[in-house]
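Subject: Handover of the two-chain model

Dear colleague,

I am passing on the structure we spoke of, and I would be glad if you read the notes below with the coordinates open beside them.

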Amino acid sequence: MNFPILTFITFLPLLGMLIVLLIPSGKDEIGQELSKTIIRWVAAATTFLQLILAFVIYFTYNTGLTGVNDEKSFQFVEKISWINAHLPMIGDIKIEYFLGLDGLSVPMVLLTAIISFLAIFPSFGINKAVKGYFAMYLLLDLGMMGVFTALDFFLFYIFWELMLLPMYFLIGIWGGPRKEYAAIKFFIYTLAGSVFMLLVMIGLYHSTGTFNIVEMMNQGNFLPDSIFGGSGTTVRYIAFMALFIGFAIKVPVFPFHTWLPDAHVEAPTPISVILAGVLLKMGAYGMIRIAFPIFPDAFAYFQTLIAWIGMISIVYGAFCALGQHKVGKRDFKKLIAYSSVSHMGLVILGLASMRPEGVTGAIFQMFNHGIITAMLFMIVGVLYDRSHTRGLDDFGGLAKKMPIYTGIMAVAFFAAIGLPGMSGFISEVLVFLGAFKTFPILTMVSGLSIVLGAGYMLWALQKIFFGAIPVRWQGPWDPTGLKYKTDDVNGLELTALLPLAAIVIFLGVYPGPVLDLMTGSVSQLIELMKPFIH
Amino acid sequence: MTDISQFTGELLKSMGLFLPETTLIITFLVAIMADLISGKKHFAGYVVMAGLLVTAFFLMRQTGIESASFAGLLVIDPFGQFIKFIVLITTLLVIMFSFISKELHHSHAKLGEYYILMTGMVIGMFLLASSANLIMIYIAIETMSISSYILAGYTKEVKRSTEASLKYVIFGAVSSGIMLYGMSILFGLTGSLSLLEINTFLMNNSVESITLLLSGIMILAGFGYKISAVPFHFWTPDVYEGSPITITALLSVASKAAGFAVILRFFKVVFSAGLGSENVAWSIIGSIDWHFVIAVLAVLTMTLGNLVALWQTNMKRMLAYSSIAHAGYMLMAVAVLDNTGVAAVLIYFFMYMIMNLGAFLVVQLVADKLDSESIDIFNGLGYRSPLIAAVFTLFLISLTGLPPTAGFIGKLYVFSSVVNAGYLWLAVIGVLNSVISLYYYVRVIRNMYLRDIESTQPKLTFSVSALALVMLLAIPTLILGLYFSPVIEWANASIAIFTGH
């Protein structure tokens with residue numbers, strides 16, 4: 001591997017961003033429109049190239065190599081010394097530009113590329129400060145891809161923090177009525193989580209003398225009398241918890257989830273898609289890449305607690321989503337946001353089980369949830385685009401008006417419920433299979449969420465598509481908002497939705513292509529954790 | 001005979017080591033003359049700049065020297081040299097800020113004294129950075145203070161500027177009085193004014209610890225005043241708000257640097273055991289836990305600075321409280337009192353200098369254009385002047401301490417030294433403070449981008465020199481966040497504090 005494909009896939013958005021920023025705004029109205037169109041297509045082309053690179057990675061990835069804690073079996077590795085200073089008085093510092101992939105990160109890279117490309121299309125509707133929007137969009141893309149490819153903690157942390165500012169702007173400038181509140185809430189919550197991560201990172205550096213995540217997983221690399229040296233010490237437990245909470249805020253799990261509904265409700269459609277599709281995965285990814293394998297003793301100590309947190313998130317999220325059916329509180333986006341909390345709880349439960357089925361199911365669920373929730377948010381976006389409302393009460397009987405839309409939405413909804421034949425089913429079954437062996441009672445309680453999920457999803461489906469058509473949806477469109485548009489999904493929307501629907505059905509029938517990527521790495525991870533788990 | 005030749009030999013050697021300060025004094029005098037001769041408003045400024053560059057040359061030649069001069073009144077060491085460079089760079093930049101300042105242009109007649117007084121301040125700061133004697137410390141502080149009192153009130157037709165100056169004088173006089181009293185107690189306890197001799201005395205004799213604590217805290221009050229540490233910070237917001245913004249920038253960086261220099265030198269030389277050995281951690285002599293005293297000061301300083309900054313609507317006042325908070329972060333590293341702590345302070349200071357001056361410059365430029373210092377003038381700036389707004393965002397992000405910026409590296413080293421020394425509770429309070437600070441820094445970013453979107457107000461244009469100056473600070477803010485080896489290597493080479501061995 002001489003071609004630095006990971007550098008390209010990670011920094012391609014930066015190049016796209018620079019091009020976007022250099023495109024002149026245009027003098028007159030026609031020029032401005034032209035400039036906007038060019039910017040949109042530059043962004044689309046950038047993310048499309050990224051997607052192609054992701055597919056190249058997918059097809060050349062060798063599933064026989066495992067990675068995780070074995071540095072030699074990482075693939076597409078790029079390792080260059082970045083900061084290397086010999087400082088006798090204050091301690092040497094060594095940071096590497098170290099990128100590489102294994103079975104834990106390949107599905108995420110693929111997911112990021114797919115979602116980043118497809119969410120460009122709903123972004124075409126953005127008409128305000130277009131240049132800034134796509135510049136921030138691409139910067140966000142850079143941060144996300146970087147998090148999944150970095151294997152040096154310092155580098156990982158930079159990418160992790162790099163996403164905060166673009167996300168703040170994307171919610172804060174192009175969001176809904178309470179955008180300022182939602183944007184700063186997101187910023188502060190995530191930063192509060194990541195500053196503790198910073199402290200743990202510093203402590204790990206002083207304990208191991210390296211920022212290399214893979215080397216940190218080898219407990220033999222910890223200096224015996226250093227801060228995180230030894231096994232099962234209180235400091236290690238605290239450090240693990242600090243990391244876990246930092247990542248849990250991003251997932252988000254109960255009780256750190258309160259930023260999510262606000263962020264989702266206020267964010268513009270494509271940003272909701274990215275938020276649910278990719279950003280939430282970073283938290284869970286951080287756990288299996290960093291927190292669990294570096295502190296396996298602490299994971300064993302907290303395993304039951306983590307499973308509980310997963311279970312509570314599943315049930316709590318489902319009940320909150322059901323709560324969206326109270327009159328006056330019916331917000332379509334909030335419903336999906338809470339269903340995300342519930343579905344991401346499944347990921348945590350699967351990871352907590354630390355069994356091959358459970359962990360495989362969890363990673364697959366991360367991938368599936370990314371695809372399915374992206375679809376759901378795009379679907380809300382379609383209705384919002386026509387009616388500028390997300391209140392479930394404002395919809396009804398739309399099956400007659402928008403038949404294609406109804407079909408696509410049914411696929412997404414059934415996938416979210418976990419209907420057999422859809423990808424969500426397979427990951428949920430795997431998670432429950434794994435979790436049941438370790439935590440039978442918690443898993444049974446979590447199983448309830450399936451029923452609740454079916455409840456709120458079917459109810460919403462019924463509300464939107466069946467029954468009487470509200471007055472505003474009847475008759476010709478009136479621009480003042482008295483009558484809504486009733487056009488069925490257009491080409492642009494279909495371009496974004498159809499590939500996602502295809503993935504959902506394809507993986508539901510034949511999950512092999514994604515599952516095969518991760519099985520080797522998952523067993524490697526479990527081998528690493530096993531000696532610590534009683 | 002031998003005595004006299006030895007004496008003159010010493011004196012000549014000391015004079016040689018005193019070259020940078022001598023250059024400054026000559027600059028001071030030449031600037032007075034030049035101002036009398038030339039009618040140009042900024043002429044003295046150019047003279048001072050030239051003088052500072054010559055000073056920098058002589059200072060550079062002192063690299064690696066560790067020596068006492070003038071019978072131990074002053075010492076020359078790499079640590080002092082680092083601080084002096086910070087002072088020099090800051091002053092050079094502030095002089096350039098002054099050239100483009102509208103606020104100063106509007107003020108009365110010529111700016112000769114302004115630049116001359118600035119030189120006086122630099123002389124005081126240079127002396128303070130190398131003082132190793134209580135009386136010398138006092139004289140240096142006064143030299144630098146008197147110049148800064150006048151500078152704070154320089155735009156004397158502005159009422160609040162005069163008020164600022166008066167407040168500064170009163171608070172300054174009180175705190176230096178307290179400091180002097182503390183020094184006299186310390187002198188009474190140990191019978192010496194030289195920091196080294198006090199250390200020797202404390203090593204070999206036991207003294208009343210309450211009295212020692214009292215004198216130490218009183219001296220700390222004087223130093224704390226210079227770095228605006230809580231509870232000696234009361235003057236800061238008013239003076240920062242009232243002074244011309246260029247002077248505010250100078251006070252917030254250069255005089256703080258000198259203050260930190262004297263704090264570190266005082267505690268290292270007076271209160272640590274086993275001076276001269278290559279020990280990494282300094283063991284404190286006596287029964288007083290100075291680590292804890294300074295740590296408490298650090299916590300108070302950063303927490304109060306950040307919490308009060310949340311409520312500010314005047315940009316200068318906000319940056320004043322933010323600079324108090326930053327002094328708190330640096331005090332955390334001081335509390336560690338070991339080599340990594342000193343290095344962390346130096347690294348942080350270098351980064352702080354760049355980003356803080358950058359932030360002040362942007363505020364100066366925008367405030368000059370819009371004749372207000374309110375946070376509201378930044379509404380829609382992201383659309384009225386995209387470049388300046390983007391750069392300001394960078395400075396604010398850096399002040400918050402987010403990567404990839406210089407401020408992050410500074411914080412990384414401060415927290416690293418604190419974690420390494422095992423003060424986890426202090427590190428936790430420190431990072432929580434960073435989170436609080438995010439709120440008020442982002443408030444400005446919010447105003448620039450989230451308010452008045454696609455503003456229809458007229459675009460703001462800035463002169464090429466102003467933009468060049470902004471970029472001169474913005475580029476290193478970004479680059480040092482990604483590649484910081486030179487700064488940490490320099491800091492590593494500069495932690496040697498002369499201890500007489």
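What follows is a summary of what was found, going from the whole of one chain to single residues.

Please keep in mind throughout that this is a predicted model.

Chain B as a whole

Chain B holds 21 helices and 2 strands. Its radius of gyration is 22 Å, close to the 23 Å that the globule rule gives for 501 residues, so chain B is as compact as a globular protein of that length. The C-alpha trace of chain B extends over about 75 × 60 × 40 Å along its principal axes. Of the 501 residues in chain B, 60% count as buried, and among the contacts in this chain that link residues at least 6 apart in sequence, 79% are between residues at least 24 apart.

The contact between the chains

Chain A gives 31 residues to the contact and chain B gives 29 residues. On the side of chain A that touches chain B, the elements that supply two or more residues are strand 1 (75-85), helix 6 (153-162), helix 7 (164-174) and helix 8 (179-208) of chain A. Helix 8 of chain A provides the largest share of that side, with 13 residues, and by residue type the side divides into 24 nonpolar, 4 polar and 3 charged.

The core

The largest nonpolar core has 406 residues, and B:Ile347 and B:Tyr348 are those with the most contacts inside it. Helix 15 (residues 339-370) of chain B contributes the largest share of this core, 23 residues. If neighbours within four places in sequence are left aside, B:Ile347 is in contact with B:Ile409, B:Gly410, B:Tyr413, B:Val487, B:Ile488 and B:Ala491.

Helix 20 of chain B

The 19 residues of helix 20 of chain B should span 27 Å at 1.5 Å a residue, and the end C-alpha atoms are 27 Å apart, which agrees. The buried residues of this helix include B:Ala466, B:Leu469, B:Val470 and B:Leu473, and what covers the buried residues of helix 20 includes helix 4 (78-99), helix 15, helix 17 (386-400), helix 18 (406-420) and helix 21 (485-493) of chain B. B:Ala466 counts as buried because it has 22 C-beta neighbours inside 10 Å, where 20 or more are needed. Not counting residues up to four places away in sequence, B:Ala466 touches B:Ile100 and B:Leu365; B:Ile100 is 366 residues from B:Ala466 in sequence, yet their C-alpha atoms are 7.0 Å apart.

For helix 1 (residues 5-22) of chain A, 18 residues at 1.5 Å a residue should span 26 Å, and the end C-alpha atoms are 25 Å apart, which agrees.

A:Leu452 lies in helix 19 (residues 440-465) of chain A and, with 18 C-beta neighbours inside 10 Å, counts as partly exposed. Leaving aside neighbours within four places in sequence, A:Leu452 is in contact with A:Ala318, A:Phe319 and A:Leu322, whereas the C-alpha atoms of A:Leu452 and A:Phe295 are separated by 35 Å.

With best regards

Conventions:
Residues numbered from 1 in each chain as written. Chains lettered and ligands numbered in written order. Predicted model: local features only at pLDDT ≥ 70, side-chain atom pairs only at ≥ 80, totals over all residues. Helix = DSSP H or I, 4+ residues; strand = E, 2+ residues; numbered from the N terminus. Rg over C-alpha atoms; globule rule 2.2 N^0.38 Å. Buried ≥ 20, exposed ≤ 12 C-beta atoms within 10 Å, placed from the backbone. Contact = placed C-beta atoms within 7 Å. Nonpolar A, V, L, I, M, F, W, Y, C, P; charged D, E, K, R; others polar. Expected span 1.5 Å × (residues − 1). Core = buried A, V, L, I, M, F, W, Y, C linked by C-beta atoms within 7 Å.
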